[in-house]
Amino acid sequence: MLLYIHIPFCDSKCYYCAFNSYTYLHHLKNDFVQALCKQLEFELKNLPKNLIETVFIGGGTPSTLDFEHFEKIFKLLNPYLTTTKEITCEANPNSANKKWLDKVNNLGINRISFGVQSFDDKKLKFLGRNHNKKTAIKAIQNAKEVGFEHINCDIIYDTILDTKKLIDSDLNIIKDLPIDHISAYSLTLEDGTKFYNKPKVKVDDENMAKYLFKRLNKMGFEQYEISNFAKNKNSKSKHNLGYWKYKEYLGVGAGAVGCNGQKRLYTQKDVNMYIDNPLIYSHIETLSAEDIKVEKVLLGLRCEIGVDKKVLNDKELKQVFKLEKFGKLKQTKDKFYANDFLLADELALYILE
Ligand SMILES: C[S@@+](CC[C@H](N)C(=O)[O-])C[C@H]1O[C@@H](n2cnc3c(N)ncnc32)[C@H](O)[C@@H]1O
Ligand code: SF4
């Protein structure tokens with residue numbers, strides 16, 4: 001079982017971001033953490049103590065919370081973390097100062113994930129980020145100095161500003177930093193964001209994506225999922241691998257989603273409503289056998305985990321053989337894998353048509 005905790009606060013709203021996060025609700029942090037603890041207690045109380053394999057604290061921006069908020073959450077969580085292998089926390093380079101990093105690391109958080117996006121000040125401004133190259137570098141160095149075992153850096157590509165020169169310059173900085181994981185996301189133009197419907201923001205340049213992936217590979221970052229690259233086996237995100245293996249997960253906090261394999265449980269997105277009723281889901285989605293199959297195929301083709309042949313019927317397996325002949329897939333006795341994760345969606349469509 002995996003545990004996801006959603007912190008719905010940010011210091012500013014980036015122009016591309018549609019995540020459930022608010023810049024004007026900071027006064028609700030204490031009440032929110034109290035509600036979150038209530039939900040956590042409720043979700044955990046009937047579980048065996050050694051069930052939580054990984055924890056991911058995401059958002060929004062978890063580093064907008066004070067250390068004291070984390071202390072409260074961990075007081076509750078600690079009895080359940082005796083065998084937990086990985087605890088990740090997302091952080092913004094601006095709000096994650098050295099003291100905060102040190103303290104949350106001492107609580108047991110062993111993986112920190114910074115929203116960096118780029119080290120180019122012009123691109124950062126363009127994306128609506130409130131940090132700059134210098135603060136991002138400092139935050140990563142601080143995280144290493146206080147003892148973080150694993151450091152991830154999110155970057156965004158496929159913007160109109162991207163050139164090979166800009167990618168090279170970002171990667172040259174990354175090369176000298178103690179980063180063991182990169183999440184590289186293609187910019188998506190989400191409804192409700194400043195970038196939505198702006199044609200001059202994103203370019204669909206597959207060659208540039210391939211260039212970025214190739215360069216990351218040369219630097220020793222192996223692509224193990226469409227957007228995720230790890231320096232070594234040990235630095236792959238165990239939490240994300242859990243999602244892609246279709247493991248069950250608890251979702252706690254405003255706007256979090258949990259899944260028990262058959263049902264997806266959505267908490268209230270609205271922070272005030274969540275505070276009033278943290279134990280009431282806003283809705284529950286029942287997954288059909290077909291939904292589960294589509295998801296398993298899509299998730300498996302997007303990463304190194306691959307797809308279990310048992311999930312497909314004979315007609316679909318024939319499609320898999322055809323795709324292997326075209327050089328798009330490789331097969332073992334029980335599983336099949338995409339040769340290029342970027343083609344996962346098209347391959348899934350072809351197999352399940
Ligand atoms: C919750 S944020 C990370 C932590 C913190 N909030 C921050 O941004 O510094 C998750 C990541 O999702 C990615 N992201 C969010 N919206 C995106 C979009 N529309 N297109 C591409 N990447 C996106 C960004 O790389 C971002 O760092
Ligand atoms: S990318 Fe991160 S900091 Fe920016 S608005 Fe989204 S959650 Fe907040």
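How do the residues of the shell around ligand 1 divide into nonpolar, polar and charged? There are six nonpolar, eight polar and four charged. Before I go on, please keep in mind that this is a predicted model.

Let me stay with ligand 1. It is surrounded by 18 residues, and the closest are Gly-60, Gln-117, Arg-129, Asp-154 and Thr-188. Two of those, Gln-117 and Asp-154, also make polar contacts through their side chains. A side-chain N or O atom of Gln-117 sits 2.7 Å from an oxygen atom of ligand 1. For Asp-154, the distance from a side-chain N or O atom to an oxygen atom of the ligand is 2.7 Å. Asn-92 has a polar side-chain atom 3.4 Å from an oxygen atom of ligand 1. On its own, ligand 1 would expose 570 Å², and the protein buries 94% of that. As for secondary structure, strands β3 (86-91), β4 (111-117), β5 (150-157) and β6 (181-186) each contribute at least two residues to the shell.

Next, ligand 2. The residues around it include Cys-10, Cys-14, Cys-17 and Lys-13. Gly-60, Asn-92 and Arg-129 are also among them. By class, this shell has four nonpolar, five polar and two charged residues.

Last, the second largest pocket. Its space comes to about 160 Å³. Among the residues lining this pocket are Trp-244, Lys-245, Tyr-246, Leu-299 and Asp-308. Two elements give two or more residues to the lining, α10 (289-301) and β13 (307-308). Of the elements, α10 gives the most, with three residues. The lining divides into six nonpolar, two polar and three charged residues.

Key:
Residues are numbered from 1 along each chain as its sequence is written. Chains are lettered from A and ligands numbered from 1 in the order in which they are written. This is a predicted model: local features need pLDDT of at least 70, side-chain atom pairs count only at pLDDT 80 or more; totals for chains, interfaces and linings use all residues. Side-chain values use heavy atoms; hydrogens and water are left out. A residue is near a molecule or strand if one of its heavy atoms lies within 4 Å of it. A polar contact is a pair of N or O atoms within 3.5 Å; within protein, one must be able to donate a hydrogen and the other to accept it, and residues adjacent in sequence count only if both atoms are side-chain atoms. Accessible areas come from the Shrake-Rupley method with a 1.4 Å probe; for residues, only the protein chains shown count as cover. Helices (H or I, at least four residues) and strands (E, at least two) are DSSP runs, numbered from the N terminus. Ala, Val, Leu, Ile, Met, Phe, Trp, Tyr, Cys and Pro count as nonpolar, Asp, Glu, Lys and Arg as charged, and the others, Gly among them, as polar. On a 1 Å grid over the protein atoms alone, a cavity is a set of points where a 1.4 Å probe fits but cannot get out, and a pocket is an open set with protein on both sides within 12 Å along at least five of seven lines; lining residues have an atom within 4 Å of a point. Grid points are joined across faces, edges and corners, and a volume is the space filled by probe spheres set on the points.
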